[in-house]
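Me: I have a structure open and would like to go through it piece by piece. Can you take my questions as they come?

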Amino acid sequence: MARYILINSFRGLLTIIFVSVVVFSLARLTGDPMDVLAPTDMSDEDQDALRALWGLDKPLLEQYVIFVQSAAEGDFGPSYLYRSETAAEVILDRLPASLYLGFVATILTIVVGVPLGILSAVKRGTIYDAIGRGFALFGQSVPEFWLGIVLIWVVAVQVGPIPTSGMGTWQSYILPSIVISIFGIAALLRLFRSAMLETLGTEYIKLARLKGLSEWRVVCKHALKPAAIAPLTFFGQLSVRMITGATVVEIVFSWPGVGLLAYEAANARDFPIVQALALFVAACVVVMNLMIDIAYAYIDPRVRLGEGTAS
Amino acid sequence: MTEATAGGNTVTDAADTGGAATPADRAAPVLKVCNLKTYLYTRWGVTKAVDDVSLELYPGETLGVVGESGSGKSMLALSLVRLTPEPAGRIEGGQIFLNGRDILPLSERVMRKIRGTEISMILQDPQQSLNPVYTVGNQLAEAFRVHDASIGERQVRERSIAALESMRVPAPERRLRNFPHEMSGGMKQRVVGAMAMAYQPQVLIADEPTTALDVTIQAQFLRLLEDLQQRTGVSILLITHDFGVIAETCHRVAVMYAGRIVEQGPVAEIFDNPRHPYTRALLDSRPRVDFVPDRLPSVGGQPPSLNDLPVGCRFAARCDYAEDRCREAYPPQVSQGDRYHAASCWRAEQAPWSNR
Amino acid sequence: MSVPEITEGTGDAHISPRPNFWRNRFGRRRRLDRVPWIPIAIIFFLLLLPAIFADLIAVHDPLRGVLSDRLTPPVWEEGGSWTYPLGTDKLGRDILTRLIYGARISLAVSTITILVGLVIGSILGLAAGYFGGWIDWIVSWLVDTFFSLPGVLLALVIVAAIGPSFLTIVIILSVTIWAPFARQVRGETLSVREMDFIARAQVAGSSPMRILIRHVLPNVANTLIVMATLQVGVVIINESSLSFIGAGIPRPNPSWGVMVADGRDLMLVAWWISFFPGLAILLVVLSFNLTGDWLRDFLDPKMRQRQ
């Protein structure tokens, strides 16, 4: 078990390094930040001075080394866009907004997706199943940005109390979280449905019924636990995506989170922020995968105790 | 108690050692099935898995149900506990009397109380029968708790250990902590048996209990079942495709073909004097140890699809002795001599295929 | 000791290395009912037909509009006309025409991307699954890493680096799409590798290349087809999302995503500009998903007519 964790951690570290190199090089390829950021009347000397300040005049490899060294200490450099702050500060400043939204969306996804998926499986073939599957199909087919726009339009036409942009009262969470979670609900629903259907068809479920257990207990105790194993993997990736990948939704709803920040920073060629964000996202995914692997091992005793077969 | 050579030719079976042998001293049957019909409705049609089956199981005896795959025997077993696959499977007719009471009209809630206490079942593949994510102890305890929520922790543990011991499981305390994948197939099957016998039901259905076990373990398990029957008086309905198993453990046997029972009677009788050509064919096609034929006899053709059954006798297409009337109408059940030996064949009386 | 199976004929699953498309593993003919005709029709009429015959079907110029006709509503609303059945945008360009040309973009991008992703993913997946060892280790790690790449961010950076264009978006999307294919193919290869006919081929001295191409690939082909169909929807959505935020197909090309972005600010006064392109995306992706699901059932030998 410990060995398992160690190996996976190593792989994760490699991933993060890889991502950092890729983003670093790509960012440098985008061109000179001066072209975008410097006011047109800034003199050449001033531009050079700024470049020197930011270390942009050094050779690439050296820049990378500096970057890694500083990053290890938590220093990601100054933000080019927001001159008075460091990249780390800017990101940390905007992070909570994304976290809150992602959290709400995750809760919504679980609360709606899992029961619907289970219901669909248990009531297979009935109208509930059809509705569930129809909804899942829709959720996986609808483009998020369009859904957001249409919802905003509908709400605006109705003149309801729901705000349609920016982050504010709890109502402002409604639309963006719905849009973010639609895909997740659909996917979770399908995953749970098929996992449950598979479990419900096994012999040990038959045996559980033979013992005289109520259908409720059969489903909740015996079917659910083995069924939850597969969706778990997906769920991990999903929750990370909800936090870090909600860029498009944040743009549509002008939500001041890291997604919107990524958009702004990329357009502004703010290297430090872009690099730091990329690292952050990669690190989140890696950590999440690691946690999933561990959870997997815990739930499925066959993995935990090693693949022990009977004597 | 029983002896059978590898070819199953020599049979000194339970019928000789007391048990339910003569008609006169039969008590009321603990399980009586009358004209049971279980059909499966799928988008490809109606499958008549169990089509008018009647049989009886008496206290303390073992009744074997033998037939090839697709004969409907597993569906018969599921029907007896009313666990036909939903929504496709429906019990369309007949009665099932368990301990004198017809269980078909009962509500599901009442039925759940009956399952595990009056009737229970062990399944074919022990590798699949236990939930892999819970310990054996957990699942065994559940068997006790489901019918008596007030049982205390310690009592459950004691009874679990006792149940495992009665199935001759060594080191029962340790087994409780094991997960299923840490046990061998034979051991798992014993655990399943222990769960089934938790409340000492009157009827135990064993659906191909040894098919998935190693050959060496098979005999052991069958002896265990017999021993169980001796101690507790449980009646066993043993479903199998293996005549050797029948010979070893059953008092009576019913032969199933294409959804119907074509012959039933005491084991010795059936072996010596099969009154249905299919039974004869089954008996003939077993490999023998005493001589090696040039070709292993087998029955040509396939059983009819249960979606699309012929009008007359269902075995007629493959039968060497079929006549015109066989194809026109389904033969009625005829018993001769011992009224407990009956067969559905137009030519059952002359039985041109029999030894005598 | 048991009664031997008294059956003859096609009772057993004999796995031929070359599955026939029209007969499944058990030699039974596949049924052609329950084909999802409506989704297929949608794909045909909303994507294929417009994409291929755009020049013949479209009435107006997708890139140049008539300014005096700007913001015309669809024909069934007040002020609409049959000249512009679905209305015009803020530059007077016909929505319907742009939708038609947009279909061409969607088809082109998705086809090329899927092909590239499929080829790369299959090669890597086959190698990883068949050879195992360090090859598998590296490929698996690559797959996991690419799954954890920050997609949109990366797209934004790449676009900032080499400018938005058709090639750029294909590159970006291919980079993200090959990983699922590789993972799937690897899994399939792992299970196929254990089958008997592979052992037979190995014993007969076939080279790994030959085995992979002749024996493994045909068996993996079915899942690949299903996956490709299902991924088309993903690609279309990704492309339109990126185009929407400006990191995809550049203006003034009528990518459906771009069209939605164009109409975003005018939603309250001219809802049709954003609505129809998004609807087109929804319908096309929906159809591909339905078709992919049906295809999965159709090609899956386990779901055949036996109880």
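Me: In chain B, which order do the strands of the 4-strand open sheet come in?
Reply: The order is β2-β1-β4-β5, and the pairing is antiparallel. Keep in mind that this is a predicted model.

Me: And which strands stand at the edges there?
Reply: β2 (45-57) and β5 (101-102) of chain B do. Each has a single partner strand, so one side of each is left without a neighbour in the sheet.

Me: What packs on that sheet?
Reply: Helix α1 of chain B, residues 73-80, packs on it and touches β1, β2 and β4 of chain B. The direction of α1 makes about 70 degrees with that of β2(B).

Me: How many bridges join β1(B) to β2(B)?
Reply: There are 10 bridges, and the two strands run antiparallel. A hairpin through 2 residues joins β1(B) to β2(B). As an example of facing residues, Leu36(B) stands opposite Val53(B) in β2(B).

Me: What about β1 and β4 of chain B, how many bridges there?
Reply: 8 bridges join β1 (residues 31-42) to β4 (residues 89-98), and these strands also run antiparallel. Here Leu40(B) stands opposite Gly89(B) in β4(B).

Me: Now the 8-strand open sheet in chain B. What is its order?
Reply: The order is β6-β7-β8-β3-β9-β10-β12-β11, and the pairing is mixed. The edge strands are β6 (119-122) and β11 (333-335) of chain B, each of which pairs on one side only. On average, neighbouring strands of this sheet are turned by 20 degrees against each other, direction ignored.

Me: Do β7 and β8 of chain B run parallel or antiparallel?
Reply: They run parallel, with 5 bridges between β7 (residues 203-207) and β8 (residues 235-240). One of the pairs is Leu204(B) with its bridge partner Ile236(B) in β8(B).

Me: Step back a bit. How many helices and strands does chain B have?
Reply: Chain B has 12 helices and 12 strands. Of its 356 residues, 49% are buried. Among its contacts between residues at least 6 apart in sequence, 66% join residues at least 24 apart.

Me: What pLDDT does chain B average?
Reply: The average is 82, and 87% of the residues score at least 70. Over residues 1-24 of chain B, pLDDT stays under 50, although the model has 52 contacts beyond four places in sequence for that stretch.

Me: How should I read a stretch like that?
Reply: Where pLDDT is low, the predicted coordinates should not be read in detail.

Me: Fine. Chain C next: how many helices and strands?
Reply: Chain C has 9 helices and 0 strands. Buried residues account for 45% of its 307 residues. Counting contacts between residues at least 6 apart in sequence, 69% join residues at least 24 apart.

Me: How many residues of chain C are in contact with chain A?
Reply: 34 residues of chain C are in contact with 40 residues of chain A. On the chain C side, α3 (133-147), α4 (151-162), α7 (208-244), α8 (256-264) and α9 (272-299) each supply at least two residues.

Me: Which helix gives the most?
Reply: α9(C) does, with 9 residues. By class, the side of chain C that touches chain A divides into 23 nonpolar, 9 polar and 2 charged residues.

Me: Over to chain A. At what angle do α7 and α8 pack?
Reply: Helix α7 (residues 144-158) and helix α8 (residues 174-200) of chain A pack at about 145 degrees, with axes 10 Å apart. The crossing of α7(A) past α8(A) is right-handed.

Me: Which residues make the contact?
Reply: Among them are Leu147(A), Leu151(A) and Val155(A) of α7(A), and Val179(A) and Phe183(A) of α8(A). The contact has 8 nonpolar, 1 polar and 1 charged residues.

Me: Last one: in α12 of chain A, how many residues are buried?
Reply: In helix α12 (residues 258-268) of chain A, 8 of the 11 residues are buried, so "mostly covered" describes this helix. The buried residues include Val258(A), Leu261(A) and Tyr263(A). Arg269(A) follows α12(A) and has a positive phi, near 55 degrees.

Notes: Residues numbered from 1 in each chain as written. Chains lettered and ligands numbered in written order. Predicted model: local features only at pLDDT ≥ 70, side-chain atom pairs only at ≥ 80, totals over all residues. Pairing = 2+ DSSP bridges. Contact = placed C-beta atoms within 7 Å. Axes fitted to C-alpha atoms, helices over the stretch in contact; angles between N-to-C directions. Nonpolar A, V, L, I, M, F, W, Y, C, P; charged D, E, K, R; others polar. Buried ≥ 20, exposed ≤ 12 C-beta atoms within 10 Å, placed from the backbone. pLDDT = per-residue confidence, 0-100. Left-handed = near helix turned anticlockwise from the far one by under 90°.
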